[in-house]
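Dear colleague,

I am handing over the structure below, and my notes on its salt bridges follow it. Please read them alongside the coordinates.

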Amino acid sequence: MSDRLAALLRPAALGTLAGLVVLAALPFYLTDFWLLTGLFAMAAALGAIGLNLLSGTTGQLSLGHSFFLAVGAYGYIWFAGDDGRSGTHDVTGLGLPTPIALVAAVLLAGVMGGLFSPISGRLRGMYLGVATLALVFIGEHVMNNATTVTGGYNGRAAEPMTFFGFTLTDREPHLEVLGIEFGAYERLWYLALVLLVVGVVVARNLLRGRPGRALGAVRDSEIAAAVMGVPVARYRSAAFVVSSMYAGLAGVLLALVFGRVIPDYFGLALSIDYLAMIVIGGLGSVGGAVAGAAFVTVLPQLFAHYAGALPLVTATGTDGIGPQEASRYLYGAAIVLVLLFSPGGLAGLARRTAAPRRRAAGHGATSRPRTKEPQGADT
Amino acid sequence: MKPGSGTRAVCAVLAALALTVTACSTKDDKKDDGGGANPSAPGSPGGKVKTGPGVTDTEIHIGELSDLSGPYAPLGKSVTNAEQLYFDQINAAGGICGRKVVMDVKDHGYDAQKARTAYTEISGKVVGISQMVGSAIVTQLQDDIERDGLLTLPQAWASTLLGKKVIQVTATTYDVEIINGFEYLARTAPLASGDKVGHIYTDDEFGANSALGVKYAAQAAGVSVVDQKIKPTDQDMTAAVTALKSAGVKAIIVSASPRQVGPVMVVTESAGFKVPVLSHSVGFHPQLLAVAAAPMEARLAITSPVPAISSTDLPAVAKLGSDYLAKFPGSSLDQGVMSGYAAAGIFGEDLKAACAAGDLTREGLVAAHRKQTGMDLGLGLKLDFSSNAKPPSYQTFILKVDKSKPGGLVTVEPAHEVPGAKSYTLPKTG
């Protein structure tokens, strides 16, 4: 009993718990602007965890991540939507209950990832990256032309998530908690937080268990992995499926946050953003992927919001360097600094700052046998 | 293990947090963070005007969601400058309703995510949005705009944006514009029944909308259309032009951006395929004069919802040109200046009308806007906003290129509509 209590009181576990409490409390303090930025960051974190499993852990470069995000987003819209009209196009839909549509969209993204696995099984490194590039262009064409599903250029509205009559919108029912009006973004925040926690726990367990070690072995040397009895082809395609499902989930969340999804969003630039997230966060680390997603999503907004207060930065719409331009310079500089001083990304930075402290604290934390605690208990 | 001092600190932080969460938060109720949400008291400088979010006793805040760092930055810059010029002049003359008009400019860089956060940031603080660049951005935000009831003037003219209660296309839509232009092309090329005309258009909302107009006009004239669909990012027009040349077209219509119109002029010239070309005003930019001035002067006609900025017969336009250059020396006088000034003018007139009706709330502004049936901004045509299902005007100007003139364009035919324009059925939107 006291052992378990001690495990719970470990600084790392407590830190995580404190982080969760802070995240859960944020809707009471943040304005819509910051809530929305946070929601985008959480959706990006889910997508980044997926890409990290694929590219960081298994070493399969993918530029097609935005395609799987789109599959998730439009999949959800189609599964949950009804027949009707969007812009100048007639659209169809299955009209499924929204939680089922969410699961179905994630599975659909997984199936698409599985369908791509014959290709990913035959190509390596840069060649695979270029092959996945094709997905982005195919996706662009399909999104603009499969109008009955996507609504074409105009995009299509996403059905708001509903749990037994409780919708994640501004109304129905009207909700006030401790004097704060709970609108769509506040409600979505908790859905996103739950999904993110589940996503992190699943990914951690996956990486710490047998599959994670197998995937790491595949990345380092396929021959060595095969010699040790790892079915390389199966693990490579499994990584693609799981990664696509994470992207699909992120896509569903994005669809819910946007309210209306347009094809323009899911371009090559989005895929590159996700690659940036996992590189900045630190390849192969789940926490790093989340931190990288927050870095890439929140930092430009933070800079753009406060750059106006910097010297030499002029108000938006006037001559000179505007906040948006200034934020790009600052953001670019931040990326270079992180990669220059911590090649392991944000995760490497955290490890390095944590390590000396642990040593100073004595043997306790580091030499503690980890086998006793249940897997992933410290998330 | 005995908890160390670090652990204790974490415990304290946790406990403190738990307490703060349950205590009262400092976050304002977001529904009235608009500033001045209460009707102004009688006797205040605003008199008895009813006000809502975005309007205080001394200021009227209007939103501008522009692209100042992305692909449409040149357009966004000109539009923003022109609107600034208009509202500076209004403020210098005492403002509207005794209040100063303040522009709240946000740059979205043509990114859907940034646009949504920017919209969320300003939507509670403004009475309306007098500029929104990018049809993809507008369509992405349209449900929220309708819900919030913010009068919004997009810098995009697809007829798919019609039919909305508060989103107002500011001029003739692309399809009607090209129907008018087609008549000029058929008259001057000339095109006879049985001839072929080539249509190069981008695979997006703009191109698709324009293609509807071309199809309609060509059918009426008995002319067949040879389509060449291109991607908005394409810049090499050789393949498209070669295909049209081998198809034997008598003229080419280009519904694309300056990035494509320039190459089309250059390629047709070098291939000895010197046929007349018709384009939309959004397809021209003065920068093109550096690469293709001669072929454009000889063969390019532009159908435009606004007159050329060099027009000397319209005093308001001439004044705009000189005022703009005085305020922003060295800027180019592109059509973005005209359309920005026109949008600001519409918004300004609506604010004045809402003030006269004693209701400067969002609803009051929309109501005042819908009552405008003959708005004349001195641009040579009247705008009718009473129906949201129709463009405010069916009239367009025909412009030609003349590099010696400011902005590089001259008006060759004043505002007019062709007989067939009104019988064209606008695409049904849902």
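A search of the whole structure, which is a predicted model, finds 21 salt bridges over all chains, a salt bridge being a side-chain nitrogen of Lys or Arg within 4 Å of a carboxyl oxygen of Asp or Glu.

One of them pairs Asp88(B) with Lys327(B), whose closest N and O atoms are 2.7 Å apart. This pair links distant parts of the chain, 239 residues apart, with Asp88(B) in helix α2 (residues 73-92) of chain B and Lys327(B) in helix α10 (residues 315-327) of chain B; helices (H or I, at least four residues) are DSSP runs, numbered from the N terminus. Asp88(B) is partly exposed at 27% relative accessibility, and Lys327(B) is partly exposed at 35%, where buried means under 20% relative accessible area, exposed over 50% and partly exposed in between (1.4 Å probe, protein chains only).

Within helix α4 (residues 135-148) of chain B, Asp144(B) and Arg147(B) are three residues apart and therefore separated by about one helical turn, and their side chains meet in a salt bridge at 3.6 Å, N to O. Asp144(B) is buried at 11% relative accessibility, whereas Arg147(B) is partly exposed at 44%.

As to conventions, residues are numbered from 1 along each chain as its sequence is written, and chains are lettered from A and ligands numbered from 1 in the order in which they are written. Local features need pLDDT of at least 70, side-chain atom pairs count only at pLDDT 80 or more, totals for chains, interfaces and linings use all residues, and side-chain values use heavy atoms, with hydrogens and water left out.

Best regards

Key. Helices (H or I, at least four residues) and strands (E, at least two) are DSSP runs, numbered from the N terminus.
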